[in-house]
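Hello,

Here is the structure that you are taking over. My notes on what was found in it follow below.

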Amino acid sequence: MLQPIVMSLLVAVTLALFARRVRELVELLRLGAPDDRVPKTVRAWLRKAADEVTVVLGQRKLLQWSIPGVMHSIIFWGFIVLLTTIIQAFGAIYDHSFRLPAIGGNGVLGALQDTFIWLVLLGVLIAFAIRRVQQPGRFRGSHLTQAEIILVWIAAIMVLILGSRAAEAALGNFPYPHGWAYLTWAAAGAFAGQSRGVIRAVETVLLWWHDLLVLGFLIYITYSKHLHILTAVFNVAATSTRPKGALAPMHIDLEEMSETDRLGAAKVTDLSWKALLDGYTCTECGRCQSQCPAWNTGKPLSPKLLVMDIRDDLFAHADALIAAKRKGEQAFQEAYEALHPLNPDVIEDEVIWDCTTCGACVQACPVNIEHIDSIVAMRRNLVMMESRFPREMQSALQAMETTGNPWGQPPQARTEWTRGTSRQEPLQIPHISEAPDAEVLLWVGCAGAYDDRNKHVVYAFAKLMQLAGVRFATLGADENCNGDPARRMGAEYIWQMLARQAIEQLNEHGVRTIVTTCPHCFNTLFNEYPQLGGRYEVIHHTEFLARLVREGRLTPTAARDETITYHDPCYLARHNDLYEGARAVIGAIPMASYKELHRHGHSTFCCGAGGGRMWMEERMGRKVNIERTDEALASASDTLAVGCPFCNIMLSDGITERHADSNMKVRDVAQILLESVEGDGAVASRGESD
Ligand code: SF4
Ligand code: SF4
């Protein structure tokens with residue numbers, strides 16, 4: 001009778017402590033900025049349900065990493081299956097012949113339990129081997145001791161449950177038949193020759209230790225990085241339903257702002273509640289860090305450490321913040337004022353500016369943490385409230401505000417690319433107002449309009465559309481920057497100003513379908529303009545050209561006896577899942593052989609220009625574009641095909657810096673196709689020399 005009473009008390013105390021901690025965590029989360037994550041459509045709900053099944057239950061993202069993924073999946077699934085043994089072990093304290101209702105004697109369950117006991121032990125061993133022997137760099141900065149404590153804890157629970165089951169079997173009180181619970185019955189052999197009294201005593205000790213460890217585990221995880229065991233399911237459910245490439249919308253009304261209002265995140269509680277939940281959920285696995293171009297080129301930004309720093313800052317002030325909030329708004333405001341600013345006290349400014357918003361971290365994270373949202377929230381504060389940003393950004397921002405493009409060029413120069421060169425005939429392209437029957441609008445983009453290298457790309461694409469008989473027009477000098485660099489630099493108000501101007505232009509001319517050679521323009525027009533009411537069909541030129549080739553409207557004829565490789569732009573492949581068009585076009589070129597880069601498709605590696613970094617100095621570490629250039633050169637291809645004006649600039653510069661211009665040419669997919677369609681390759685050589 002004593003045992004059930006003591007156990008009941010222990011369970012009650014544990015549950016009370018657990019509930020108190022959960023309440024604190026929820027209260028803390030509610031201090032974050034509002035962020036509506038409730039799906040608005042049935043489709044979005046279904047997507048969430050599918051994510052829970054694939055990401056949480058199916059461990060989809062973890063399984064992309066073969067051995068660590070399998071190891072974690074075994075422990076995770078083992079945790080679910082072995083909940084049944086945990087219930088049995090607690091039930092046995094109250095009733096020695098306790099059985100799970102309905103399934104308590106089922107041989108299949110017995111076999112599953114036995115199998116997962118040894119599989120989990122194997123998983124723990126593998127986890128130790130990864131940490132102690134392999135020591136991957138992704139764990140740098142993680143709390144490794146905490147992880148090892150939990151591993152030992154899990155292993156102990158497995159050994160204790162196996163021992164208590166074996167004792168039960170030796171006593172003849174085990175519900176699962178021999179043939180099924182093979183491990184338990186084999187272990188029961190260890191009790192051969194022992195008296196029933198001894199076996200019963202051993203069973204009791206093992207059961208109690210097992211149950212105490214489980215109760216302790218329940219409390220420990222709420223104070224450790226293993227909190228993710230509880231929160232991952234909610235974090236995945238709260239994942240943004242925005243398109244992957246779209247930043248969080250932001251309401252700005254400077255006239256309505258009071259003195260206490262803030263733009264962006266100055267202090268930890270200015271981050272959204274989802275960003276705070278991200279902190280709870282980070283497993284410190286370092287998968288994001290291992291994919292980050294900034295970290296991989298020796299810069300201080302690690303998306304993992306960023307999330308951990310936010311979480312540590314929140315927890316460091318948790319008691320004071322919660323107590324103040326319970327007292328009232330004024331007390332909370334005082335507690336808020338006492339917080340350190342996030343930048344540079346918690347996270348150095350340099351870390352925030354190193355991000356290219358490539359999305360590799362978000363994609364790699366097994367629990368759907370959204371690093372870019374937090375980084376951009378801090379950038380918004382630094383730019384719009386503090387006016388503190390890398391000095392070289394100033395001219396790009398000013399130019400966007402005053403001339404409508406980051407190059408600071410006059411609007412009239414936007415159409416210069418149509419003139420061709422001394423060896424290219426000028427193209428006659430109507431302004432949209434003169435072409436009411438245009439099928440598509442060609443959005444030229446600032447790089448296509450003002451950067452010499454990219455003027456050739458837009459020229460080639462426009463020429464191809466003319467050859468294919470596509471009726472198209474442009475906004476000519478009326479086009480302005482879509483605002484992507486400003487938005488990603490944190491200058492949301494400039495983005496909103498530029499985006500509203502562009503939407504007004506597009507709507508005035510009744511534009512429905514847009515084609516563009518720039519993935520950043522594509523992403524902003526397609527994924528972000530709907531936030532301001534601009535909805536258009538937007539097609540990237542690689543996809544558009546693939547369609548024209550498929551329909552027989554363009555026929556590549558001239559052979560290219562060379563090897564071509566293709567660099568996937570982050571804003572096309574990773575943020576928008578578009579990577580087949582370019583490959584289809586290259587695949588249609590006679591005799592060209594294609595070689596894939598080591599990191600390609602969704603796993604592409606950034607060129608270093610995204611997130612507004614095109615207009616910032618790279619002061620620390622190695623250059624991101626050189627890292628990618630070296631990978632391209634290692635493919636020993638003759639041509640590096642690109643589908644983005646920024647990648648074009650960054651990788652061409654990289655090739656020149658590596659003195660490899662005679663080994664590898666950087667060409668846009670449109671240029672490669674035009675050379676083959678025109679039949680003699682003459683355009684290619686002319687383009688390079690012009
Ligand atoms: S978006 Fe890219 S650069 Fe930024 S933190 Fe993530 S992986 Fe690093
Ligand atoms: S943010 Fe995600 S990928 Fe990065 S360490 Fe945390 S759990 Fe792992």
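Subject of these notes: what was found

Leaving aside residues up to four places away in sequence, Lys455 touches Glu416, Trp417, Ala447, Gly448, Ala449 and Tyr450. Please keep in mind throughout that this is a predicted model. Lys455 belongs to helix H22, which covers residues 452–467. Lys455 counts as buried because its relative accessible area is 18%, and the cut-off for buried is under 20%. Lys325 is 130 residues from Lys455 along the chain, and the C-alpha atoms of the two are separated by 57 Å.

Thr85 is part of helix H4. With residues up to four places away in sequence left out, Thr85 touches Gln113, Ile161 and Arg165.

The ligands

Ligand 1 is surrounded by 13 residues, and the closest of them are Cys292, Cys355, Cys358, Gly359 and Cys361. Two helices, H18 (360–364) and H19 (371–384), each supply at least two residues of this shell. By class, the shell around ligand 1 has 10 nonpolar residues, 3 polar residues and no charged ones.

Helix pairs

Two packed helices are described by the angle between their axes and the distance between the axes.

Which residues bring H1 and H4 into contact? Helix H1 (residues 2–29) packs against helix H4 (residues 83–94) at an angle of about 135°, and the axes are 8 Å apart. The two helices are therefore oblique to each other. From H1 the contact takes Gln3, Pro4, Met7, Ser8 and Val11, and from H4 it takes Phe90, Ile93 and Tyr94. These residues divide into 6 nonpolar and 2 polar, with no charged residue. H4 is also the helix that holds Thr85.

Helix H14 (residues 318–327) and helix H15 (residues 329–338) pack with their axes 6 Å apart, at an angle of about 155°. H14 and H15 are therefore roughly antiparallel, since angles over 145 degrees are classed in that way. Their crossing is left-handed. On the H14 side the contact is made by Ala320, Leu321, Ala324, Lys325 and Lys327, and on the H15 side by Glu329, Ala331, Phe332 and Ala335. The contact has 6 nonpolar and 3 charged residues, and no polar ones. Lys325 of H14 is the residue whose C-alpha atom is 57 Å from that of Lys455.

The crossing of H26 and H28 is left-handed. H26 contributes Thr542, Glu543, Leu545 and Ala546 to the contact, while H28 contributes Glu580, Gly581, Ala582, Ala584 and Val585. Sorted by class, the contact of H26 with H28 has 5 nonpolar, 2 polar and 2 charged residues.

Backbone points to look at

Most residues other than glycine have a negative phi, and most peptide bonds are trans. The following places depart from one or the other of these.

Gln59 has a positive phi, near 55°, and is not a glycine. Gln59 sits in the loop between helix H2 (42–57) and helix H3 (66–81). Gln135 likewise has a positive phi, near 45°. The loop that holds Gln135 runs between helix H5 (107–134) and helix H6 (144–170).

Are Gln59 and Gln135 buried or exposed? Gln59 is buried, because its relative accessibility is 4%. Gln135 is exposed, because its relative accessible area is 54%, and exposed means over 50%.

The peptide bond between Asn343 and Pro344 is cis, with omega at about 5°. Pro344 lies in helix H16, which spans residues 342–346.

Regards

Definitions and conventions: Residues are numbered from 1 along each chain as its sequence is written. Chains are lettered from A and ligands numbered from 1 in the order in which they are written. This is a predicted model: local features need pLDDT of at least 70, side-chain atom pairs count only at pLDDT 80 or more; totals for chains, interfaces and linings use all residues. Side-chain values use heavy atoms; hydrogens and water are left out. A residue is near a molecule or strand if one of its heavy atoms lies within 4 Å of it. Helices (H or I, at least four residues) and strands (E, at least two) are DSSP runs, numbered from the N terminus. Ala, Val, Leu, Ile, Met, Phe, Trp, Tyr, Cys and Pro count as nonpolar, Asp, Glu, Lys and Arg as charged, and the others, Gly among them, as polar. Buried means under 20% relative accessible area, exposed over 50%, partly exposed in between (1.4 Å probe, protein chains only). Axes are lines fitted to C-alpha atoms, for helices over the stretch in contact, and angles run from 0 to 180 degrees between N-to-C directions. Angles under 35 degrees count as roughly parallel, over 145 as roughly antiparallel, 65 to 115 as roughly perpendicular and the rest as oblique. A crossing is left-handed if the near helix is turned anticlockwise from the far one by less than a right angle, and right-handed if clockwise. Contact means heavy atoms within 4.5 Å.
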